Amino acid sequence: MYKRLIAVLAGFISSILLSFFVSSASAEEVRSMKLWAREQAAGPAPHTAALIIAQTLNELGLDITVNAVPWPQMADQVWYKRLDEDTWDLTMWQMVSRPERSDPDEFTYNLFHSSTAEKGYNFIGYVDPAFDALAEKQRVTMDPAARKEIIDQAQQHLADAAANAYLVHPLLNFAYDNSQFKDGSAVEQAGLGIKNIWTYLNIEPINGNKDLVAQSLDEIQAINPFFISGGTDSWITEIIWDRLLRIGPDGTPQPWAAESFNWVDEQTIDVTLRSGMSWHDGKPVTVDDVIFSFEAPMNAEIVPMYSPFVKNIESMESKGNNVVRFNLKSSNAAFLTSSLAKINLVPKHYYGPILEALDGTGNNAETIIEEKRIGSGPLKFIDWRQREQVILERNSDHFNPPKIERWIMKEIPNVEASLGQFRKGEVNFLTDYKGDPSVLANIVQEDGDITLVKSIDVGFQYMAMNHRRAPFDDVNFRRAVSLAIDRDVMVNAAWAGNAVKAGSHVSPALSYYHKDGITEYDTGVDLAKKILADAGYTVKNGRLHYPEGVVEKH
Amino acid sequence: MFDFWSIIRRFLYMIFVLWIVATIIFFMFRLMPGSPLTAFIGTTFTDEQHDLLVKRFGLDKSLFEQYSLFLVNTLKGDFGLSFTYNKPVIDMIIQALPNSIILTLFSLIIAYIFGVIAGAYLAWKRDTLVEGISIPIVLTTRSAPEFWLGMIALAFFSFQLDIFPSGGTSAAGVIYETTLSKLTSLHFYYHLILPSLVLALYLQGLPLLLMRSNMLEVMQEDFVTMSKMKGLSSWRIVIYHAARTALLPVATAFTLGVGFAFGGNVVIETVFSWPGLGRLLVFAVSSSDYPLAQGAFIFLTAILILMNFLADLMYLFLDPRVSYKTKN
Amino acid sequence: MITEIYKIFRENNYATVGVGIYIFFILISIFADIIATHDPLRINFSSSGLARNLPPSWEYLLGTTSNGRDIFSQLVYGSRNALAVGLSAALAVAVLGTVVGLVSGFYGGWIDNIIMRLADIALGLPFLPFVIVLAAFLGPNSWNVVIAIGLLLWPNAGRIIRSQVLTLRERGYIESAKVSGCSNFRIIFMHIAPNILPLSFLYGSIAIGWAILTEASISFLGFGPSDVISWGYMLQDAYSSQALSLKAYIWFIPPGICIVLMVVAGFFISRGYEEILFPKIKE
Amino acid sequence: MLEIKNLSIHYIGKNYRVKAVENVSFNLTSGELLGIVGESGSGKTTLIRSIMGVNPQSAKIVSGEIFYKNSKILDFKDDSIKGDYKWKEIAFIPQSAMNSLDPVYRIIDQMREILIVRGDYNKKTADKRSEELFSLVGIEKNRLRDFPHQFSGGMKQRVAIAMALALDPKILIADEPVTALDVIVQRQILDLFNELRNRLDLSIILVTHDVSVVAYLCHKVAVMYDGEIVETGPVKDILEKPYHPYTIGLNNAFPDLHSTNDFLEPISDSLFHELDDLKNTFNSLSLNNEKLVKSDKFVSLKNKFTKLNTQNEKNN
């Protein structure tokens, strides 16, 4: 009774107050907002960018403060609470590079298709049927030229809608010690830099060096062919376990454990397994193993992480002569990249019983306590001391064995220590550098025997806006916000010159699909002010107000 | 020697405190902002996967159910599965524990050996210039943030002079077959030196000041005066008579210090990439890995409480006067 | 009380130095707006872009950070945070410890029992790990440290004060106050409290150093707020911006020294105070 | 045998100076039992500690010398003591054996330490000697392995005596050796002293505030008051015809061991206060003792003491 009385009273008072505000001010003030960002240690450049952006946007009459929090909190708010009443407005976000992202499908579809808006990756709530059509069409268009046409349209469409405020494609910085490795023997992969399997296979140790000692800032949580726990572990799994195809240095899928592949029709593909391959325990790699490797993830209860990559497979059959036929549910241009080049080949004789034992236990393959890690890849697993280092050794029986004897990855949780160890030679290949690029450049100059390789990232850094909420439901407002940010300042100030301007979700690193000229656009606070003024926004007492009649939903 | 039942009672009480702490921690983690599943968010992260994870980690159960399950499992020594590592938490802790124990003990021993000797010496040198200079220096070392000292030590001894390695428990490519072979390897101790010296520099202040004031007190005692009258050498008096008695509270402080330093090592473990329990906790907390964080925290607490308990017991054993009183 | 404080100054060099350091920092924090040359959070631009990693100059007395912020101004404003955190932690410990010690020692019985059990629990919580969990629980905020110190460090002060109250309670004048019908409240606050204030002060001054060091550690581990300038934040900023590799000593040495000075001042004062409280040590 | 000449010891601090011992001289001959009487703070402890060379750093010897068997063991110009005489020639029995025995070692270990480190014994002979000493002071030898806190007060005192005798010293200095003990044990210990002196040919200095102890045991007595020896001579003379008012007071303050009546009226507090006041007045006027003694007020006080004394005698 008592509580209800209070509720009624509160409702009464607030409605009076509300009506007073609405009637007294014909235009409503744009509310104060938070720009979510990760804490500085997680990446200094985006953090600085957030600070500069907030400072810039406040010149428009907005009141934005940067809210730097650890990732779980930020992601919780942005991802799980996207539909809440009091949710996020602006957030810094990033897409990182992965081999399968060399195909534009993943970003184009998952980030913007309306089907992923409620719970999936379209957390910004961008819903546009016209765009959905484009995203769906590029998937099933097998002709590259025609597909490029559609991807171009999609990029332009998103730019016009100011779906995101794209900031930059960072330059990836990698460095190796050229007194330990032959200069130039590392291989650059489009959009990924020199940290890739081609480098590991090709790099030539010199001066008595035998090992490649890489480093990771993140802790490795698992080395498991059925589990992707974080960015770093996939660098390791992909070299222990072979795949049928691999994304080549040019970004296109090419035969690997498959000798060749052949599209029978748009929904059928025949893959011929390379003959003479063997697992790390000496047993031969068979067609049965290949089918097992693709069937296992179809059971999402047991192998949940990889199950999306085999969703499109209807069935598989052995056609004899080392040939496996994949029958697809629908045609998919990205199938080679996102499935054949993604699924780890595992020996049925070892993993079969392990997965069977999991049935009905409620546990899945991610919890396997690996006594052995058996793959067929060019490097085989030797030792992992958790939170310290992983040691892999050359598989001399591989059809493409590496020149290094061992591949070692040290887990060093901070940039400064990583750099220190690299300078001392304790680490000879800097694979995970998230620090200040100018520091690295200085060191290269000082030390002399370091080869620095920079490449444009497939991924990108951007500021996301919540399309579900006013004022971000207004394309003019979004455009103004996006265009207020001087991308040159972003590149030069926040990223210290270590990035290129971004204008779409397709990186210039993917030169074929990147739309020319999409990064060329005017920016500036004055331009933004003009857009806002044209759209009817006004500034009173230094604060931006909505156009007359527009009311924020409460 | 002592009252058996009072020790049993104290022990049970210790368990009670542990239970309260575990409960507090359990609810703090459950009510914490941020979802543990964010670690899995990727472009291919589907609803189905999300639901599976929720079920697997038992997050779909009510808070009370989760709590009772947690209690039962903890009693069985099962701290659950780490969200991020997908490994039993207890395994992760057991892996990290030896590293923390060694780091803690090693630095405490250095700190206490130095502190006790220097403290006794400063008591001897009371009201001299040596003391006038030393005491502010000691207080200053206790005032410096450990990680700052660590940063400077790292920059100087490792990066600049290249005397010590900069972190971890081994150089790249070194394999320790077992925990034992690690703990008996010289290579391991070479990596231990710098972090433990930095830690010891911070820790030595307490035993030093404690030893000094105890010594000053003991030196006033009649039996020390008597020893002087006996014509015993100063050296003998200090070592055999004064220091022996003055050491009692220091020994207790050492035991308490073990429990305390365990928790305090977090920062040093981070600076020196030392794979210990503290760093595990920091990682677990920042990635909302409740089971891991809970497990690590409960372990740290258990060590602390156990050490407090041992300190009490030790006093009984070390001081004949106390044990005598208890006996009667 | 006042004569005692005066005595500290006159007879004890430690305390004098300690108080001197505090006065210095208090003055700095009061006049921070005048002393600081820039807004410590403002990102500064120069003609060639962001004013990042600049060496000391007349415009930026200690140079700038990687984000183009003025280091000197951050150092100046950092004293505010340090003082605020340190003094409120001291207050929390002193007040909690005193109240708990008084109540527990004076009433005894089940109140005492419960309070002492709570003390055992508080002492059983590992300090820094608890602050980390608390920071994650309450979100990044400078006050986490104060809360944690209040929650965990009161038992040390409380226990000592309690035993002091126990002895005071038996004194004649307390007895006579009881007989003459003074209320318990009056006895506690008029007769007993003044006698234990020096102890509260002592434990308070110890808490200052603890609070500042803990705040720095928590910031360093990344659990601190990023929009409040503290010395711990500066060190964290310097470390994650690779000031070591940049050899920007002017960036990461001064905040460390400020922390050391502030904390050591607390030690000095408590030490000087201890000598007055327990003159036996002096002889 | 032991000669002290013009010894003055002052405690000197930053802003204070206390005269603890002022111009003290006396002589101890072989086989003599000398009592030094004085209230606490009279300087008697500082005096004997200086003989044992254990005064704190702040105690400065401003003048005087100490000779043992004609060789100088202490000189005011040289603060340090050349000291192999300690314990071997001059041993010490502390006031409170309770605190004077190291609590964390067994008695046998403390015995061995003296015998082996300071004497020429080895472990075997040291153990034998320890048993000998224990039987000398009347303790069962199986108690050698006990810790100090396992002994009663009187026993501890015996242990302390045994330790003092370990290296066959010529002189024994005992600082309030029986104060903490009850009357019956007191007498046992004092009798032990007497017996030992006769058997071992010792000289003993007995420091106490208890005149009756001195009367019971000593040949000669020195009365200390405020750092000075105000009266000295054979026990009989001094106790029967006390000159100094303090001596008169002392004489009345403690029960006579010879008498059957254990109760004696204590010195009236007020009389002592008056005496102190008087002395302070004189000190403030920088007048010396002689003038004090001759002053009217002093004479009247002295009379009051005497009266009190005779009253007591009547009561007996």
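This is a predicted model: local features need pLDDT of at least 70, side-chain atom pairs count only at pLDDT 80 or more; totals for chains, interfaces and linings use all residues.
Mentor: Residues are numbered from 1 along each chain as its sequence is written, with chains lettered from A and ligands numbered from 1 in the order in which they are written.

Trainee: At what angle do helix 4 and helix 8 of chain B cross?

Mentor: Helices are DSSP runs of H or I with at least four residues, numbered from the N terminus. Axes are lines fitted to C-alpha atoms over the stretch in contact, with angles from 0 to 180 degrees between N-to-C directions. Here helix 4 (residues 89-124) and helix 8 (residues 186-203) of chain B cross at roughly 50 degrees, their axes coming within 8 Å. Therefore helix 4 of chain B is oblique to helix 8 of chain B; angles under 35 degrees are roughly parallel, over 145 roughly antiparallel, 65 to 115 roughly perpendicular and the rest oblique.

Trainee: Which residues of helix 4 and helix 8 of chain B meet?

Mentor: Contact requires C-beta atoms, placed from the backbone, to lie within 7 Å. Helix 4 of chain B contributes residues including Phe106(B) and Phe114(B), while Leu192(B) and Pro195(B) are among those from helix 8 of chain B.

Trainee: How far apart do the C-alpha centres of domain 1 and domain 2 of chain A lie?

Mentor: Domain bounds come from an automatic or database assignment. In chain A, domain 1 is 33-170 + 458-545 and domain 2 is 225-374; their C-alpha centres lie 34 Å apart. Their contact takes 14 residues from domain 1 of chain A and 13 residues from domain 2 of chain A. Helix 5 of chain A gives the largest share of the domain 1 side, three residues.

Notes:
Helices (H or I, at least four residues) and strands (E, at least two) are DSSP runs, numbered from the N terminus. Two residues are in contact if their C-beta atoms, placed from the backbone, lie within 7 Å.
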